[in-house]
Amino acid sequence: MIEILSPAEVARARVTGALVGDILQSMRERAVPGTNLLEIDTWTKDMILEAGAESCYVDYEPSFGRGPFGHYICTSVNDAVLHGLPHDYALADGDVLTLDLAVLKGGVAADAAVTFVVGNAPQPEGEALIDATRRALEAGIAAARPDGKIGDISHAIGTVLGGAGYSVNTQFGGHGIGSTMHQDPHVSNTGRPGRGFRLRPGLLLALEPWVMADTDELVTDADGWTLRSVTGCLTAHTEHTVAITEDGAEILTLPTRG
């Protein structure tokens, strides 16, 4: 299903997106050495409920996961890159942490992710990965123009990631979003320009470049959810939800404070 939202629905999506951005910023500030992943999950739950919103994750049960996710945020550490199931782990100085969050409020969902280095320990490989995904996301957003194609976005993202020396996995990528978290169209992190669904004002897309340092192969953790690099290398993942407008892509998941 591909949804094209009305102006009123896009306005509600801005509210949801700001909430997602604010929660991720708050969790980033709280994620210091010694913070437990389960604490981050509890804090996220509290902020979602206080805002009168709903988690898109807690009851999420797709074909690639094992049963309902059961938590409120994805916490992926170091070699974990996607769908990291919160567990009893205290963050260490220099850990590369990805927080991925999707929330539903006012009947519209928003989805975003941020990767950062915990604490102050030098982590040049992790910072390089993070920088590549940030630049790829910026390129993808710049390519998300009305009357363009999904392939334009995929090509822009893939060009940056490949240019940085990383292989691109195509099993998971960006996606449409609206009244539900995951919708068509799929937005691969590499592709050919001029191909795929034509972009129209009112279309919401979650764009999410992610990479692994020396592989494009994933392995599923024993928890049935967490996806890790098969070689144990570091990873990074950056995501925003954007709305296609007459003037280009509007980022909806920015925090409301600097």
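P185 sits in strand β7, which covers residues 183-187. In this predicted model, the peptide bond that joins D184 and P185 is cis, with omega at about 5 degrees. Most peptide bonds are trans, and most residues other than glycine have a negative phi.

**Backbone angles to look at**

- H83 is a residue other than glycine with a positive phi, near 60 degrees.
- You can find H83 in the loop between β3 and β4, where β4 spans residues 96-105.
- H83 is buried, because its relative accessible area is 14% and the cut-off for buried is under 20%.
- D147 also has a positive phi, near 75 degrees, and is likewise not a glycine.
- The loop that holds D147 runs between α3 and α4, and α4 covers residues 150-163.
- D147 counts as exposed, because its relative accessibility is 55% and exposed means over 50%.

- Three strands make up an open sheet, and their order is β3-β11-β10 with antiparallel pairing.
- β3 (80-82) and β10 (218-220) are the edge strands; each has a single partner strand, so one side of each has no neighbour in the sheet.
- On average, neighbouring strands of this sheet are turned by 45 degrees against each other, ignoring direction.
- Between β10 and β11 (residues 227-229) there are three bridges, and the two strands run antiparallel.
- To see this pairing in the structure, look for V219, which stands opposite R228 in β11.

- E217 belongs to the loop between β9 (210-212) and β10.
- Apart from neighbours within four places in sequence, E217 contacts M212, R228, S229 and V230.
- E217 is partly exposed, with a relative accessible area of 49%.
- C233 lies in the loop between β11 and β12 (235-237).
- Is C233 buried or exposed? C233 counts as buried, because its relative accessibility is 7% and buried means under 20%.
- M212 is 21 residues from C233 in sequence, yet their C-alpha atoms are 6.6 Å apart in space.
- Setting aside neighbours within four places in sequence, C233 is in contact with N78, D79, M212, A213, D214 and T215.

**β13 and its two partners**

- Strand β13 covers residues 240-245, and five of its six residues are buried, so the rest of the structure largely encloses this strand.
- One partner is strand β8 (residues 204-207), joined to β13 by four bridges in an antiparallel arrangement.
- Within that pairing, L205 has V242 of β13 as its bridge partner.
- Another partner is strand β14 (residues 248-251), which pairs with β13 in the antiparallel sense over four bridges.
- Here T245 has G248 in β14 as its bridge partner.
- β13 and β14 form a hairpin, with two residues between the strands.
- As you trace these strands, remember that side chains in a regular strand alternate between the two faces of the sheet.

**H71, a buried loop residue**

- H71 is in the loop between β1 (54-55) and β2 (74-77).
- H71 is buried, with a relative accessible area of 18%.
- Which side chain does the side chain of H71 meet in a polar contact? That of D41, at 2.9 Å.
- Not counting residues up to four places away in sequence, H71 touches L38, D41, S55, Y57, V58, L85 and P86.

**The largest pocket**

- Rolling a probe the size of a water molecule over the atoms shows where empty space is left.
- The largest pocket has a volume of about 410 Å³.
- Its lining has 20 residues, and R28, A113, V114, T238 and H240 are the ones nearest its centre.
- Elements that give two or more residues to this lining are α1 (7-30), β5 (108-117) and α3 (124-143).
- Which element gives the most to the lining of the largest pocket? The answer is α3, with five residues.

Key. Residues are numbered from 1 along each chain as its sequence is written. This is a predicted model: local features need pLDDT of at least 70, side-chain atom pairs count only at pLDDT 80 or more; totals for chains, interfaces and linings use all residues. Side-chain values use heavy atoms; hydrogens and water are left out. Two strands pair if DSSP finds at least two bridges between them. Axes are lines fitted to C-alpha atoms, for helices over the stretch in contact, and angles run from 0 to 180 degrees between N-to-C directions. Buried means under 20% relative accessible area, exposed over 50%, partly exposed in between (1.4 Å probe, protein chains only). A polar contact is a pair of N or O atoms within 3.5 Å; within protein, one must be able to donate a hydrogen and the other to accept it, and residues adjacent in sequence count only if both atoms are side-chain atoms. Contact means heavy atoms within 4.5 Å. On a 1 Å grid over the protein atoms alone, a cavity is a set of points where a 1.4 Å probe fits but cannot get out, and a pocket is an open set with protein on both sides within 12 Å along at least five of seven lines; lining residues have an atom within 4 Å of a point. Grid points are joined across faces, edges and corners, and a volume is the space filled by probe spheres set on the points.
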